[in-house]
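Reader: Please take a close look at one part of this model, the place where two of its chains meet. A plain account will do.

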Amino acid sequence: MTDKFIKGSNNNIIYVTSCCTNRCIMCCQPPLDEDDSTYHYKRNINLIDTADPETDYVCITGGEPTLSGDLLFDYMHRIWDKMPNSSIHLLTNGRSFANANYVEKFTKEANGKLFVGIPLHSDNYADHDVIAGAKGSFYATLKGLHNLGILGFEIELRVIILKQNYKRLDKIAEFITRNLPFVAQVSFMGLEVIGYAEKNYSKVWMDSECFTINLARAIDILDNSHIQTRIFNIPHCLLPTALWPFACKSISEWKKTNLGICSNCSMIDECCGLFSTSKRYSANLKPIIR
Amino acid sequence: MNSFRIIGNKKAQFNIDANMFSKSVIMKVLYWLNNDFVVQTTSHESQLLVELESNNDTDWNIMKKTISTMLNDFQMREVIEKETHDIRNILYVKAFSNIDNFTEYDTEE
Amino acid sequence: MIQRNNSYRLLPFKFTHIGNKELIVNEVGDYLFMPNGTVQRVISGSVNRNTEEYRDLLSKFIICDSYNDILQDVIATRIRTKKSFLDGFTSLHIFVLTLRCNQKCVYCQATSQNKDCVNKDMKIEDLNKAISLMLKSPNPHITMEFQGGESSLVPSLVEHAILETERQNKSVGKEIKYVICTNIIHFSEELLNLCEKYNVFVSTSLDGPESIHDSNRGVSGSYKHFVDSLLRIRERLGQDRISPLMTTSVLSLNYPIEIVDSYRQLSFHYIFLRPLNPYGRAKENEDWNLYFDKFLEFYKKSLDYILLLNKRGEFFVEGFTAMVMKKILTPFPIGFVDLQSPAGIINSVVVYNYDGYVYCSDESRMMAESGDFTFRLGKVSDKYEDIFYGKKAQALSRVWATEYIAGCSDCAFQQYCGADPVRNYSTQGDWYGHRPSSLFCKFHKAVFEYLFELIDRRGNEVLPIIRRWIYD
C-alpha cells in the first residue's frame, strides 16, 4: 500500500474497517467480525495529513466503510479539506443507504466530489444473495441505489464476473438499463484471486473464453444506452479486440505485475496487467504479437 | 370446447362446458369472434351451445384450434388477474401516492 | 383456485403467442420470450428455483419470491416513470391559424380552403385568449405549433402569435418551443426572419421523389419549390431546424426504397413512416383493410432497407420504429401523442381552432367542419378548468386508457399501444371502440408482432442499430 497520497495515482486508499454486512464468496478482503476501525485510524489520518494537496483521487474502502458511522464523514471532510481537487471514490455494498435516516445524514455530510462504487452481482435476488453471502442483500442494495439515485449521487455499478453470474451478463446489463438507468457507470471486473476468491476458486472462477460473448453483448447494451462502461482487471489478450476500448488500467501500480511471456506483447503498455496478489492466473494468457 | 360440428363452409357449432370456463372467460372469447362471425348462444344445462356464422368461407380446422387456444389463454389470464389484482392496485397507488391533490369527479354520465 | 407448491408469487403480467413461442410482458413493458407452455407452468407453480428460467422470470418481474416493500417500490417507480409524460399535463398546443391553403394534397384532412379565403383565419381576439389558455398549462415546457391549412399564408398572424406569447409569457416564465407546420413552397423572407429570431422549428412534408411528391400534393412543380425553399431555410436557420414528415398515399405504397432514398438524397437522416388516417379527404372511396395490409408491407420493406443502410455504416433512423422500440426496450415514455395511455388528447395535446373553439386533437376539429362537435371542449373564452377538466374531459377519461377498456385490458401489447377515443368514434361511431373490428388495433398488433419477431429472429443484428436510434 502507498505511504503517500499523490496526484495522478490510483493508489490513494483509505481503508476504514474490516467489518462488512455481506460475505461475498469472492471477497479479496475477507471481513472480520470485530470492528478494527480504530486500528486503521492513525495511519489514515497520517496519510491525509501528509498528502500532496494536488491529489485528485482518493478511494475509501474496507470492509464496509459506512459501518463506521461518523468516522467515515470525518475522513471525507478531512480529504476535501486537505485535497480540495480530490474526488472521493467510495466503495460500499450500498446496503446502509436503504435506511432513510442514514441517507439523510450522508447527504448533509457528503458535500464534495463523490463517486459511489456499489457491486451488483446479478439481476435477481437468488444469484445476488448467494454471491453476497447474505440474505436480503439484493433488495437492500437496490433500495440503497434508489435512494442515492433520487438524490443525484454519481453511481458506479461494479459487476464482478464469476461462475455464478457469467451466463447472465447481458441480462444484468438489460436489468440495469431498465431499473437503474440513472447510474453513471458500469464496471465489469475480473477476479483478484486472494482471500475468499482463492479459497473458493473452483466454485467462483470462470475463464474469459466462456464469458466474452456475453460480456460483449452486455457492453453493447449499456454503451448504446449512454451508460459509461468499463472493463477492469481483465488483460487485453483475454478480450476480443472490439472490447479493448472499454478496458482500462485498473490495477494499482503497487500490486501490478506481468508474466514472463508478456514481455514481447505489443499491448503491454495499454493492458491492465495482472494482480501480483493473485494466487492463480488464466491459462489463456498469451502475448499479442503485431 | 367439445362437439365441434361443421355445417357447411360458413357455419359451425360447438359446446363449451360452463363448469370448466367462467362466464367472463367465455364472453371474452366470443367478443373476439364477433368481428368475423355472427355469434349465437343458447344455454342448455351446464353446456353453452355456440353457433358461428360468417359471410366468408372459413377454414374450420384452424378456427377450432384458435378457439381452443383462446379459451385456454383467457382462462389463464383470469387466474393471473385473480392472484395479482390486489398487488396491482397497491403498485399503482404507490406509484402515484406522492400526488396529494386528487379531485374526485363523479363521472357517471 | 390453483394451488402452488412452490411458494413464489405472481406479479401482474400479460402474454401472447409469437411464432412458436410465448411472449410474456410485465406491467411496465419488460418482455421475455419463453417456450410454449411456460405461462401454464408459471401459474401452476411448476417453475423450479434452480433454473435460469426462474431467474429470468424474477428479473423481468413476472414472478417474485414475496411482495416485499422494496420490490413494490422498485416496480411503483417504474410505473411512475412510464407515465411521467403526464407530469406537466398538456405540452403540445396546436394553433390552426387558417384553413387557407395553396396545395391540393390527395389525402388532405384539413378541409383546406382557397388561399384567399380570409374568413377562415383565426381572429386576433381568439388568438390572444387561446394563448392565455395555453400558458395556463402546468407544464414548464410547452410547444406551440402552427398548423392549418397552410400557415405560411398568414405570416402576420404567426408573428402576432409569437409576439403575443412572448409578451404574456414574461409573467409566466415557461420554456416555449415554436414549430411551424408548412409545405414551405412559398416561404417569405419575413417568415424566415421570424423563424430565425424566435428559434422557430420548421416541420414540413416530403412524400418522396419528385414524381410521388408532386402527384400527392396535387400541384405540379411542388417538389422543385420544396427543394429551393429547403436549401434557403437550411442555409439561414441550420440543418437541424427543419425536418419533414411523410404521408403514405396509395401511390406511395409501391415505392418504399425510392421514398427512403429521396430523403437520403436531400441529406435527411430520419424518416417517420405512418399510414393515412381514415378521415378527411382521405376517407372517400378507399378500402381501408386493403390499404393497411399494403402499408404493413410497405413498412416492412422500408424498415428492412433502412436497417441494411445502418449495417453498412450509415446512420438513418426510422422514427415510428424508434418510438415503439423505445417503449419496448427502455423504462421511459415517449412523446408520440397518437400512441399513449392515457390518451394523448388533452393530456398531451390540445387544438385551438381558427373558429375560436378548443378541440381534443387535430382530427376532432375536422369533424366540426362536417358539423360533429363531439370532441369540442369549449370556447377560447371559457375557463381553463371547464375546458381541460370539464364534463367532456371527465367522460373521456373513462375510456382513454388501454389498462381498462375491453380488448386492451388483457392485451400483451398494452404497455406499448395507446387508446384513441377520437379514432374509435370517427371509424366506428363510438368513442369506447370495438377492438375486434378496429383497424387501429389490427394494424398496431401487426406492427408489434413484426417487431417482436424481428427481435426474436434477428435481435443480435438489429437491436444494436435500434438502440443507437433510441438513445441518440
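Author: A polar contact is a pair of N or O atoms within 3.5 Å; within protein, one must be able to donate a hydrogen and the other to accept it, and residues adjacent in sequence count only if both atoms are side-chain atoms. This is a predicted model, in which local features need pLDDT of at least 70 and side-chain atom pairs count only at pLDDT 80 or more, while totals for chains, interfaces and linings use all residues. Residues are numbered from 1 along each chain as its sequence is written, chains are lettered from A and ligands numbered from 1 in the order in which they are written, and side-chain values use heavy atoms, with hydrogens and water left out.

Across the interface of chain C and chain A, 15 residue pairs are in polar contact, both residues at pLDDT 80 or more. Helix 2 (52-59), helix 3 (69-82), helix 11 (319-329) and helix 16 (439-470) of chain C each supply at least two residues of the side that touches chain A (helices are DSSP runs of H or I, at least four residues, numbered from the N terminus). That side of chain C divides into 13 nonpolar, 6 polar and 11 charged residues; Ala, Val, Leu, Ile, Met, Phe, Trp, Tyr, Cys and Pro count as nonpolar, Asp, Glu, Lys and Arg as charged, and the others, Gly among them, as polar.

The rule also finds 7 salt bridges across this interface, each a side-chain nitrogen of Lys or Arg within 4 Å of a carboxyl oxygen of Asp or Glu. One of them joins D73(C) to K143(A), with the closest N and O atoms 3.1 Å apart.

In contact terms (heavy atoms within 4.5 Å), 30 residues of chain C meet 24 residues of chain A.
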